[in-house]
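Hi there,

Here is the structure I promised to pass on to you. Have a look at it first, then read my notes below.

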Amino acid sequence: MNKNYTIDQLQEVASEIIDSASSKILLFYGEMGVGKTTLIKEIVKQLGVDDVVSSPTFSLVNEYVSNEGESIYHFDFYRINDEEEALDMGVEEYFDSNNWCLIEWPENIKNLLPLKADKISLSANEDGVRSLKVNQLSNNSTT
């Protein structure tokens with residue numbers, strides 16, 4: 001999927017991502033400030049979470065529970081020092097849980113990423129429009 005969108009189209013974009021996902025592991029790539037957390041907040045909302053969603057920048061992971069009792073994990077690996085830190089927190093168990101895992105800065109744990117995931121690349125255009133590209137990965141390559 002390739003799409004350009006504005007903030008007014010965020011609900012539609014989030015819905016399309018959920019509906020087209022080949023996996024419950026979503027990898028969000030993009031520069032700081034491009035809108036990764038904003039998009040994740042909308043996805044989490046559409047998955048049935050009523051709680052306030054925020055970026056887990058310092059805690060590395062936030063867990064949310066949907067109205068149906070499903071756990072949703074939001075990771076932010078921006079400040080991670082090395083992959084060992086992610087292993088120590090049990091990241092592989094989260095990935096194997098069959099719950100939604102929404103991951104910001106996955107390039108910082110590239111050797112730990114699951115074999116099957118959806119790569120979501122975001123970029124900002126000068127006019128405030130965001131560009132989105134979704135690729136389904138079948139191995140841990142992030143290219």
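Tyr-73, Phe-75, Phe-77, Tyr-94 and Phe-95 make up one aromatic cluster. A quick caution before you zoom in: this is a predicted model, where local features need pLDDT of at least 70 and side-chain atom pairs count only at pLDDT 80 or more, while totals for chains, interfaces and linings use all residues. Residues are numbered from 1 along each chain as its sequence is written, and side-chain values use heavy atoms, with hydrogens and water left out.

Back to the rings. There are five aromatic pairs in the structure (rings of Phe, Tyr and Trp, the last by its six-membered ring, pair if their centres lie within 6.5 Å; planes under 30 degrees apart count as stacked, over 60 as edge-to-face and the rest as tilted). Tyr-73 and Tyr-94 are edge-to-face, because their planes stand at 75 degrees, with the ring centres 4.7 Å apart. This pair links distant parts of the chain: Tyr-73 is in strand E4 (residues 71-76) and Tyr-94 is in helix H4 (residues 91-95), 21 residues apart. Helices (H or I, at least four residues) and strands (E, at least two) are DSSP runs, numbered from the N terminus. Tyr-73 is buried at 10% relative accessible area, whereas Tyr-94 is partly exposed at 22% (buried means under 20% relative accessible area, exposed over 50%, partly exposed in between, with a 1.4 Å probe and protein chains only). Phe-75 and Phe-77 are stacked, 5.5 Å centre to centre with 20 degrees between the planes. Phe-75 has a relative accessible area of 0%, and Phe-77 is also listed at 0%.

Next, the cores. A nonpolar core is a set of buried Ala, Val, Leu, Ile, Met, Phe, Trp, Tyr and Cys residues joined through side-chain atoms within 4.5 Å. The largest one has 24 residues, and Leu-39, Ile-43, Leu-102 and Leu-132 have the most contacts inside it. Helix H1 (10-20) and strand E2 (25-29) are among the elements that give two or more residues to this core, and H1 gives the most, with five. A second, separate core of 20 residues includes Tyr-73, Ile-80, Phe-95 and Cys-101. In soluble globular proteins, nonpolar side chains tend to be buried together.

What about charges? By the rule used here, there are three salt bridges (a side-chain nitrogen of Lys or Arg within 4 Å of a carboxyl oxygen of Asp or Glu). Lys-3 bridges to Glu-12 at 3.2 Å, N to O, and Lys-3 also bridges to Glu-16 at 3.2 Å, N to O. Glu-16 lies in helix H1 and Lys-3 in strand E1, so that pair ties together parts 13 residues apart in sequence.

Is Glu-42 buried or exposed? Glu-42 is buried yet has no salt bridge, and the nearest side chain of opposite charge, Lys-45, is 4.4 Å away (Lys and Arg count as positive, Asp and Glu as negative; His and the chain ends are not counted). Not counting residues up to four places away in sequence, Glu-42 touches Leu-10, Gln-11 and Ala-14, where contact means heavy atoms within 4.5 Å.

Cheers
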